Amino acid sequence: MSTTVSPAAAWWRPSPNGQAACDLCPVGCRLRPGQAGPCGTRANRGGVMTPLNYGRVAALALDPIEKKPLYHFHPGRDILSVAAPGCNLHCAFCQNWNLSQKHDAPTRPATPDQLVAFAQAEDSVGLAFTYSEPLVWFEFVRDTAVAARAAGLKVVLVTNGYLNAGPLDELLPLVDAANIDLKSMDDRFYRRVCRARLQPVLDAITRFVAAGVHVELTNLVIPGHNDDDASLGALVDFVAGLGRPVPLHFSAYRPAWKLQAPPTPRATLERAHDMARRSLDWVYLGNVAGATGRDSRCPGCAALLVDRSGYRGELKLTPQGACPACGVVQPFVM
Ligand code: SF4
């Protein structure tokens, strides 16, 4: 793949003494000349904010779209998944810390058009920006999304939702679907474990939904940190209040990076599932074996809609996305 020229960074302001103020995410960095942000994706170069990751690809794979996880968006299709190093959160439990927190992870150059051509050659439904944090790959994600949309491909983000409203509103018209991490409903958890805040994430989720993007949410359930009934109940109440069906994925944590709490027991995930199902029609379990929270069933008649095994699903839905038994159209994008 050939080298691509990095454009100027978006969403920043010159500040006194050669500093550059970043308006991309709620961290709100003010960088001295030569200084890089803690996300590792932008730096002040001679008083000008410069993206460090434009056209730099650290991971590229063709994945089942269920692996994002997206269970209600083109189920059964593959999607070309790409990432650059870097993240604006620093979650002690990050399951992908080798990519998100190691800013010197090896990369190779790529252009938006090359990624689009690759996706088309692989019969991918689109491009997913995933594995690390796409919102701080802003300029490249934006430019690639424009090219992907022009080629008839879908654009997917797998994200922490930690972006300011202005850049988010610029990006959302280019996005078809997103899986957003909602790590906890406790601001202290975000501050202590992720070095971030809760409210901007809630605001971003609301903006994605209001913009008509297909949204699914993921909660990584960590023993002793966010697995109590009150925390799970608050999360379910928030999802139920979003005003349209939003699938919720509870995912099993495994010890990683700085957090060495024990792995999530299956019983904890099943408790979360059963609690959420009292209010939500679409609740799934991830990173764990077993039958609970695996398949999609019609909320009305309980008929099987998608029979899943691992990341692969056998569709029972009609081509129009209706239940094969009762005929009610279900909230799936086909
Ligand atoms: S995107 Fe990076 S540089 Fe900009 S405010 Fe967020 S953490 Fe700081």
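**Cavities, pocket and strands**

Author: Gladly! Helix H7 (residues 229-240) makes the largest contribution to the lining of the second largest cavity, with 3 residues; helices here are DSSP runs of H or I with at least four residues, strands are runs of E with at least two, and both are numbered from the N terminus. Keep in mind that this is a predicted model, in which local features need pLDDT of at least 70 and side-chain atom pairs count only at pLDDT 80 or more, while totals for chains, interfaces and linings use all residues. Residues are numbered from 1 along each chain as its sequence is written, and side-chain values use heavy atoms, without hydrogens and water.

That second largest cavity has a volume of about 30 Å³. Its lining is made of Lys 183, Ser 184, Met 185, Asn 219, Asn 226, Ser 231, Leu 232 and Leu 235. By class they comprise 3 nonpolar, 4 polar and 1 charged residues (nonpolar: Ala, Val, Leu, Ile, Met, Phe, Trp, Tyr, Cys and Pro; charged: Asp, Glu, Lys and Arg; polar: the others, Gly among them).

Searching the whole structure turns up 2 cavities of 30 Å³ or more (on a 1 Å grid over the protein atoms alone, points where a 1.4 Å probe fits but cannot get out; lining residues have an atom within 4 Å of a point). The largest cavity holds about 110 Å³ of space, a volume being the space filled by probe spheres set on the points, which are joined across faces, edges and corners. It is lined by 13 residues, and Cys 22, Cys 25, Cys 29, Cys 39 and Arg 42 are the closest to its centre. This lining divides into 9 nonpolar, 3 polar and 1 charged residues.

The ligand sits in the largest cavity (more than half of its atoms lie within 2 Å of the grid points). Around the ligand are Cys 22, Leu 24, Cys 25, Val 27, Gly 28, Cys 29, Gly 37, Cys 39, Arg 42 and Val 136, each with a heavy atom within 4 Å of it. This shell splits into 7 nonpolar, 2 polar and 1 charged.

Now for the open space. The largest pocket has a volume of about 1,100 Å³ (an open set with protein on both sides within 12 Å along at least five of seven lines). Of its 46 lining residues, Lys 68, Pro 69, Thr 218, Ser 251 and Asn 287 lie nearest the centre. Strands S11 (154-159), S12 (177-181), S13 (214-221), S14 (248-252) and S15 each give two or more residues to this lining. S14 gives the most, with 3 residues. In total, the pocket lining has 17 nonpolar, 19 polar and 10 charged residues.

Lastly, a hairpin. S17 (residues 304-309) runs antiparallel to S18 (residues 312-315), joined by 4 bridges. Arg 308 has Gly 313 of S18 as its bridge partner. The hairpin has 2 residues between its strands, and Gly 310 in the turn has a positive phi of about 60°.

Definitions and conventions:
Pairing = 2+ DSSP bridges.
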